[in-house]
Structure formats: C-alpha cells, structure tokens
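Try each task before you read its solution.

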Amino acid sequence: MTNRVQELRLARGWTQARLAEELDVSRQTIYAIESGRFDPSLPLAFAIARCFGLRIEEIFTPNQA
C-alpha cells in the first residue's frame, strides 16, 4: 500500500514525533508507515484520516498488482 502520510505531515510543518503524539503511537510507527514498511491497522488508518481531515482513500492506495 502506498500513502501520503509524509506529504500531509510536512504540509502541516509537523515532525514525525508531533504526528505520533497526535495519534498516540511511537515515532517509529510513523516512520514505518511513511517508509512503507508497515501498513497501519484499520483503526489507526481512520485516526490518521481524521487527523488530516481526509478520507482513508485520499491517503492510502493499494499497490497495483
């Protein structure tokens, strides 16, 4: 899955630590999501979407096979 988390975070001027704090997760979790090493759980994906005021589909897209 690809995502726009880093792009959206940087547009707000937030560090990974700041976004992690907003979502109540570790900075390492944000790094792993942004780098594509980890796909968030559905509840976390919804929390990320709420944080940025977007729909999940506007942030996360499946990889094309």
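**Exercise 1. The nonpolar core**

Task: find how many residues the largest nonpolar core has, and which of them have the most contacts inside it.

Solution. Keep in mind that this is a predicted model.
Step 1: the largest nonpolar core comes to 18 residues. Those with the most contacts inside it are Val5, Leu19, Leu23, Ile48, Phe52, Ile59 and Phe60.
Step 2: turn to the helices that supply the core. Helix 1 (5-11), helix 2, helix 3, helix 4 (42-52) and helix 5 (56-59) each give at least two residues. Helix 4 provides the largest share, seven residues.
Step 3: In soluble globular proteins, nonpolar side chains tend to be buried together.

**Exercise 2. The buried face of helix 2**

Task: decide which residues of helix 2 are buried, and where they fall when seen down its axis.

Solution. 
Step 1: Gln16, Leu19, Ala20 and Leu23 are the buried residues of helix 2.
Step 2: viewed down the axis of helix 2, these buried residues fall within an arc of 100°, so they line one face of the helix.
Step 3: recall the geometry behind such patterns. An α-helix has 3.6 residues a turn, so residues three or four places apart point the same way.
Step 4: look for the cover. Helix 1, helix 3 and helix 4 are among the elements that cover the buried residues of helix 2.
Step 5: take Ala20, in helix 2, as an example. Ala20 is buried, with a relative accessible area of 3%. Not counting residues up to four places away in sequence, Ala20 touches Val25, Ser26, Arg27 and Ile30.

**Exercise 3. How helix 2 meets helix 3**

Task: give the angle at which helix 2 and helix 3 pack, and name the residues that meet.

Solution. 
Step 1: helix 2 (residues 16-23) and helix 3 (residues 27-34) pack at an angle of about 110°, and their axes are 8 Å apart. Helix 2 is therefore roughly perpendicular to helix 3, a label that covers angles of 65 to 115 degrees.
Step 2: from helix 2, Gln16, Ala17, Leu19, Ala20 and Leu23 meet Arg27, Ile30, Tyr31 and Glu34 of helix 3.
Step 3: sorted by class, this contact has six nonpolar, one polar and two charged residues.

**Exercise 4. Asp24 and its phi**

Task: is Asp24 buried or exposed, and what is its phi?

Solution. 
Step 1: Asp24 is in the loop between helix 2 and helix 3.
Step 2: with a relative accessible area of 73%, Asp24 is exposed, since exposed means over 50%.
Step 3: phi of Asp24 is near 60°, a positive value in a residue other than glycine. Most residues other than glycine have a negative phi.
Step 4: Just after helix 3, Gly36 takes a positive phi of about 80°, and just after helix 4, Gly53 has a positive phi of about 70°.

**Exercise 5. An arginine in helix 1**

Task: is Arg9 buried or exposed, and which residues does Arg9 touch beyond four places in sequence?

Solution. 
Step 1: Arg9 is part of helix 1.
Step 2: its relative accessibility of 6% means Arg9 counts as buried.
Step 3: leaving out residues up to four places away in sequence, Arg9 touches Trp14, Thr15, Gln16, Leu19, Glu34 and Phe52.

Definitions and conventions:
Residues numbered from 1 in each chain as written. Heavy atoms only, no water. Axes fitted to C-alpha atoms, helices over the stretch in contact; angles between N-to-C directions. Helix = DSSP H or I, 4+ residues; strand = E, 2+ residues; numbered from the N terminus. Parallel < 35°, antiparallel > 145°, perpendicular 65-115°, else oblique. Contact = heavy atoms within 4.5 Å. Nonpolar A, V, L, I, M, F, W, Y, C, P; charged D, E, K, R; others polar. Core = buried A, V, L, I, M, F, W, Y, C linked by side-chain atoms within 4.5 Å. Buried < 20%, exposed > 50% of the residue type's maximum accessible area, 1.4 Å probe, protein only. Arc of directions from axis to C-beta.
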